[in-house]
Amino acid sequence: MKPLSANLFALLFLCALASVFYVWSALESRLERHKRRFSLPGGGSLHQGLPVDLSAKTFRALLAVPPAQRPRLGARLDAHNLTDQPVPAGSGDLHVNVGKRRAAQREGPVQPGSPVDGGIFWSEWLEDLLPVGFSEEYARAWRQKARTCRVVKLEPGCGRISNQLATFADGTRACVRYGINADQVQGETLTYYLAALLGITNLPPLALSQLSGDGEQWADVRTRIGGLQWSERAVVSLTEWISNLTGVVTPAPLRQDSGGLRPVPAELRNRSTAELLELMQWSDLVVFDYLSANFDRLVSNLFSLQWDSRVMERDTNNLLRTPRGDLVFIDNEAGLVHGFRVLGMWEKYHSSVLNSVCVFRRRTTQRVAELHRRRDSRQRLLELYRDSEPLSQESGFLSDEHAGVLQDRIDRLYKHILHCKGKYGQL
Ligand SMILES: Nc1ncnc2c1ncn2[C@@H]1O[C@H](COP(=O)(O)OP(=O)(O)OP(=O)(O)O)[C@@H](O)[C@H]1O
Ligand SMILES: [Mg+2]
């Protein structure tokens, strides 16, 4: 009996050990998955393993912004309802550069006039104080240089290892992005041209370059390229490197515990001119990130609130500020291509952010209204991209499906603007 019970005891002991081991491994792998899910690497991998079933209720509670009412079915959506004076799309700079006098006004106290006019538009006097960020003309000249100038150095300094800080022979610099997959460079590039189509000039100029291209542009850094294990055939993006940039914290009206960015005079009146100018740029950023479905900025911060309650007190991803106060939208590679692919997971977040904004730049709404009315966003984006970028054929364009998603988002945005106009237009 004794050997039998000893064997039985040993067997039971082994079973108990095996169960403990099983439970521990399961726990460990869940913990690992949890860590991967909630770490926020820059760019593309953010979505991997995200829980699909995040209830809208949870997110709405996080944002605490009431959803916009849907426009009445059959409501007439006339582009002219939105704007008083049409601005031709493709027209040059929005503003001429401000002189010293205007620069001083930017720093000064609140202006006497209302910051909003026409119900939902930032006032003209505010628009006049905000110079063009990177004008079309400036961007064209920079692209020309960036495509031909020799790269004499490649080093860390632009984020993760697949981004490198390049120094040109003339001493100026650029961030080179080598996409881990084709989506990333394509997303970055097409999103850049979408901004141009909307007249949003907060993105540093961008050009594509092929590492094995004609000429000797990359000859001086061949060894470094080999060390990075970059394919010679790859098409990389070059973005102008801007000095003296600092981080940007999301302003109060766009945080989860506020009522949103609304054209309510009482809520805007006591803000300084510099604050209003920044909010004006944020309104463009929200429109831009909604259209391109870029989750790697405000939306990812809001998402992170679930486990990091102080995330809003830190700098916003992929957003920087010049000493003058201009916002610089960097790292747009999650836009359009990747953003559209994972839309199912992020759409409720995108919509909530959009619904929290009801004041816009007049020109941006005009561009949106026009793209809505003509339903030609695919064609316009393609033409602009082909005309501006000699390597457009190499990098490819939006699929028909994604081009349809873009047009659909333009239409939804247009309806949201109309909704705001209906709600605040009489103020
Ligand atoms: N055009 C630029 N001009 C100046 N600095 C830049 C520029 N682009 C990137 N940087 C610097 O590199 C940092 C990382 O840039 P980026 O977001 O493009 O890379 P990333 O690999 O996604 O990094 P992260 O994970 O920190 O977002 C920025 O915070 C900024 O300091
Ligand atoms: Mg980034």
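This is a predicted model: local features need pLDDT of at least 70, side-chain atom pairs count only at pLDDT 80 or more; totals for chains, interfaces and linings use all residues.
1. Ala234 sits in the loop that runs between helix 8 (222-227) and strand 7 (235-240).

2. How exposed is Ala234? Ala234 has 16 C-beta neighbours inside 10 Å and therefore counts as partly exposed, since that class lies between the exposed limit of 12 or fewer and the buried limit of 20 or more.

3. Now to the helices. Helix 7 (residues 182-198) packs with helix 10 (residues 273-292) at an angle of about 130 degrees, and their axes are 11 Å apart. That angle makes helix 7 oblique to helix 10. The crossing of this pair is right-handed. Helix 7 brings Thr191, Leu194, Ala195 and Leu198 to the contact, and helix 10 brings Phe288, Leu291 and Ser292. Sorted by class, the contact of helix 7 with helix 10 has five nonpolar residues, two polar ones and no charged ones.

4. Helix 10 has another partner worth a look: its axis and that of helix 17 (residues 400-424) come within 8 Å, crossing at roughly 140 degrees. On the helix 10 side the contact is made by Val287, Tyr290 and Leu291, and on the helix 17 side by Leu406, Arg409, Ile410 and Leu413. Here the residues divide into six nonpolar, no polar and one charged.

How values were computed. Residues are numbered from 1 along each chain as its sequence is written. Chains are lettered from A and ligands numbered from 1 in the order in which they are written. Axes are lines fitted to C-alpha atoms, for helices over the stretch in contact, and angles run from 0 to 180 degrees between N-to-C directions. Helices (H or I, at least four residues) and strands (E, at least two) are DSSP runs, numbered from the N terminus. Angles under 35 degrees count as roughly parallel, over 145 as roughly antiparallel, 65 to 115 as roughly perpendicular and the rest as oblique. A crossing is left-handed if the near helix is turned anticlockwise from the far one by less than a right angle, and right-handed if clockwise. Two residues are in contact if their C-beta atoms, placed from the backbone, lie within 7 Å. Ala, Val, Leu, Ile, Met, Phe, Trp, Tyr, Cys and Pro count as nonpolar, Asp, Glu, Lys and Arg as charged, and the others, Gly among them, as polar.
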